Amino acid sequence: MTVHHHPSDELLTAFAGGTLDLGQHIAVATHLVGCPRCRTVVHAMEHVGGAVLADMPRSEMLPGSFEALERRLGEPIAANRPLPELPRRGFGDVGGLPPFLYGYPDSSWRWIAPKVHLRPIRLPQPSPTRVFLLRSSPGTKMIEHTHSGFEMTCVLSGSFTHAGGHFGPGDFDFGDGSVDHDVIIDSTDDCVCLVAMQGDLKLSGLIGRLLQPLIRM
Ligand SMILES: [Zn+2]
């Protein structure tokens, strides 16, 4: 697998610094699993971050901090709520999906537009970014659209092309409101992508306006 399209340095920095929300984090992590180049960049950033912390001057503890810690240690531990039982390998049937996502609660594919199906990935905690799988049949021309937020796309299998280039397995695509997508699926098999999205999808053109009420993303 040769990866040609990577997340920006800003995104990788935010990933290394732990400032992405869960949905964004999952999209970048999905890319990192298949991209040694970006893993090296993130490791280097984490190393720099650790060195900066190590070089910072020591600061004195506030008066009473140690006593407060001792009191906390003596408190009974609140019973943890049992985690909901997760179905095993719920997403294990999706080729190209990293194993860290297999155990997320299973969901089924649903029709959202001709030749396009969506399968939501339900996150264990609220995130402003939604995550889902999108499966499109060969030859599908995605309806021209823009975003009110952003969209991160990780190709798991198959491929597509738009004005920004050709995207195959392992590639990462970032779209925001400034991008007018005109996407065509050019693989001979289905193209399956993991998508992390914020905001709404806006369909342009007459067909888009007719379909907008039918499509629920
Ligand atoms: Zn990369």
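Helices (H or I, at least four residues) and strands (E, at least two) are DSSP runs, numbered from the N terminus. The model is predicted: local features need pLDDT of at least 70, side-chain atom pairs count only at pLDDT 80 or more, and totals for chains, interfaces and linings use all residues. Residues are numbered from 1 along each chain as its sequence is written, and side-chain values use heavy atoms, with hydrogens and water left out.

**First stop: a loop**

Select Pro114, which lies in the loop between β1 (110-113) and β2 (116-120). Is Pro114 buried, partly exposed or exposed? Buried means under 20% relative accessible area, exposed over 50%, and partly exposed in between (1.4 Å probe, protein chains only). Pro114 is partly exposed, because its relative accessible area is 48%.

**The whole chain**

Of its 217 residues, 38% are buried. The accessible surface of the chain, from the Shrake-Rupley method with a 1.4 Å probe, comes to about 13100 Å², and 58% of that surface belongs to carbon and sulfur atoms.

**The zinc site**

Select residues 10-39 next. For this span, an unreviewed UniProt entry lists "domain: Putative zinc-finger"; such annotations may be inferred rather than shown by experiment. The span is 83% helix and 0% strand, and its end C-alpha atoms lie 14 Å apart.

Which atoms coordinate the zinc ion? Show the side chains of His6 (ND1), His31 (NE2), Cys35 (SG) and Cys38 (SG), which coordinate the zinc ion at 2.0 to 2.2 Å. Donors are N, O and S atoms within 2.8 Å of the metal (3.2 Å for Na, K and Ca); water is not among the atoms, so sites may look incomplete. Along the chain, the donors follow the spacing H-x24-H-x3-C-x2-C. The site is tetrahedral, with angles of 100 to 117 degrees among its 4 donor atoms; four donors count as tetrahedral if all angles lie between 85 and 135 degrees. His31 counts as buried because its relative accessibility is 2%, and Cys38 counts as buried because its value is 0%.

**Strand β10 and its partners**

Select strand β10 (residues 191-198), in which 7 of the 8 residues are buried. Two strands pair if DSSP finds at least two bridges between them. Strand β3 (residues 130-136) pairs with β10 in the antiparallel sense over 7 bridges, and Val131 stands opposite Ala196 in β10. Strand β5 (residues 150-157) also runs antiparallel to β10, joined by 7 bridges. Here the bridge partner of Met152 in β10 is Ala196.

Within strand β3, pick out Ser136, which counts as buried because its relative accessibility is 4%. Contact means heavy atoms within 4.5 Å. Leaving aside its neighbours within four places in sequence, Ser136 is in contact with Lys115, Val116, Met142, Ile185, Asp190 and Cys191.

**Last stop: an open sheet**

Finally, select the open sheet of 3 strands, with the order β7-β6-β9 and antiparallel pairing. β7 (165-167) and β9 (184-185) stand at the edges, each with a single partner strand, so one side of each is left without a neighbour in the sheet. Strand β6 (residues 160-162) is joined to β7 by 3 bridges, and the bridge partner of Phe160 in β7 is Phe167.

Terms used. Four donors count as tetrahedral if all angles lie between 85 and 135 degrees; four count as square planar and six as octahedral if opposite donors are over 155 degrees apart and all others between 65 and 115; anything else is irregular.
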